[in-house]
Amino acid sequence: MGKDKLRKFAENLTFECFVQPAFEEMFRTDHPLKGNWRKDFFHNDNPIVLELGCGKGEYTVALAERNPDKNFIGVDIKGARIWRGAKTATERKMGNVGFLRARIEFITSLFAEGEVDEIWITFPDPQLRTKRAKKRLTAPIFLEYYSKLLAKDGWINLKTDSQHLFQYTSAVIEQFGLECEVANNDIYGSGYADEVLSVKTAYEQMYLERGLPITYTRFQLGERKEFPMFDWEGDDILEKDAEEERKKSAHQ
Ligand SMILES: C[S@@+](CC[C@H](N)C(=O)[O-])C[C@H]1O[C@@H](n2cnc3c(N)ncnc32)[C@H](O)[C@@H]1O
């Protein structure tokens, strides 16, 4: 492993905003912070917003700066990426920011029912192969996880360049009769992007440079708790978008 990565991993452990649960603290057990993030981590009673697959945490930091009355936690498995956000939050002395290095699959071991008020999913891997559809962060299994921690009126926000993931997510919303406030397939081209939606992540910047339109979906799970897996016909009939382009950029 490169020296720079090791340095970042070590520095992460010095940041107060950084949490790295041990495997045994999440696997088939509840982490000590589950149900206690407000009391034991943020020391306030404010709403909690998650950014899943946050990478360098651009949304976590940008939203936290604009909303000092809310708490924000960026979640990602890659320590060297998360380091960027944790370093910025530390340098700016932001008390309403946390970064959690964990797999999203363990999220129900980390947050209690209703503990989360909103979720942002920013430029997740679209998992274009049909066989990997269940790994998409808006696949039924993930919605089931989110339903276990998200307040019933909590919004899920998805920003993606992938038209395939955008359409898949619309199909999931329709399949389960979920409330969808926005499904916009080109937020800049349509003039929909406001100040918050115009915050650009590292991946978004890359896709914009290639001229890819950026999509945005905002929906709620309501009271639904069960999300059975289903086959989406779009996986068979629609052309998968920009796969080669994406592979080229995966090293950044
Ligand atoms: C394509 S990158 C986007 C990063 C950032 N949101 C952006 O827009 O620049 C996807 C991120 O999701 C993270 N990720 C993917 N699957 C994950 C999982 N199961 N648990 C935690 N993080 C995951 C990756 O480590 C990566 O940083």
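This is a predicted model: local features need pLDDT of at least 70, side-chain atom pairs count only at pLDDT 80 or more; totals for chains, interfaces and linings use all residues.
I began with helix H8 (residues 202-209), where I found Tyr203, Glu204 and Tyr207 to be buried. These three cover an arc of only 100 degrees around the axis, which puts them on the same side of H8. I then turned to the other side of H8, where Gln205 and Glu209 are exposed.

Next I looked up the largest nonpolar core, which holds 50 residues, and asked which of them touch the most other members. They are Leu50, Leu52, Ala86, Val116, Ile119, Ile121 and Tyr146. Helix H7 (residues 163-175) gives this core its largest share, five residues. As general background, I recall that nonpolar side chains tend to be buried together in soluble globular proteins.

Finally I stepped back to the whole protein, in which I count ten helices and eight strands. Its radius of gyration is 18 Å, close to the 18 Å that the globule rule gives for 252 residues, so the protein is as compact as a globular protein of that length. Along the principal axes, I find that the C-alpha atoms fill a box of roughly 50 × 40 × 35 Å. Buried residues account for 37% of the 252, and, of the contacts between residues at least 6 apart in sequence, 78% join residues at least 24 apart.

Key:
Residues are numbered from 1 along each chain as its sequence is written. Helices (H or I, at least four residues) and strands (E, at least two) are DSSP runs, numbered from the N terminus. The radius of gyration is taken over C-alpha atoms; the globule rule is 2.2 Å times the number of residues to the power 0.38. A residue is buried if 20 or more other C-beta atoms lie within 10 Å of its own, exposed if 12 or fewer, and partly exposed in between; C-beta atoms are placed from the backbone. Two residues are in contact if their C-beta atoms, placed from the backbone, lie within 7 Å. The arc is that of the directions from the helix axis to the C-beta atoms. A nonpolar core is a set of buried Ala, Val, Leu, Ile, Met, Phe, Trp, Tyr and Cys residues joined through C-beta atoms within 7 Å.
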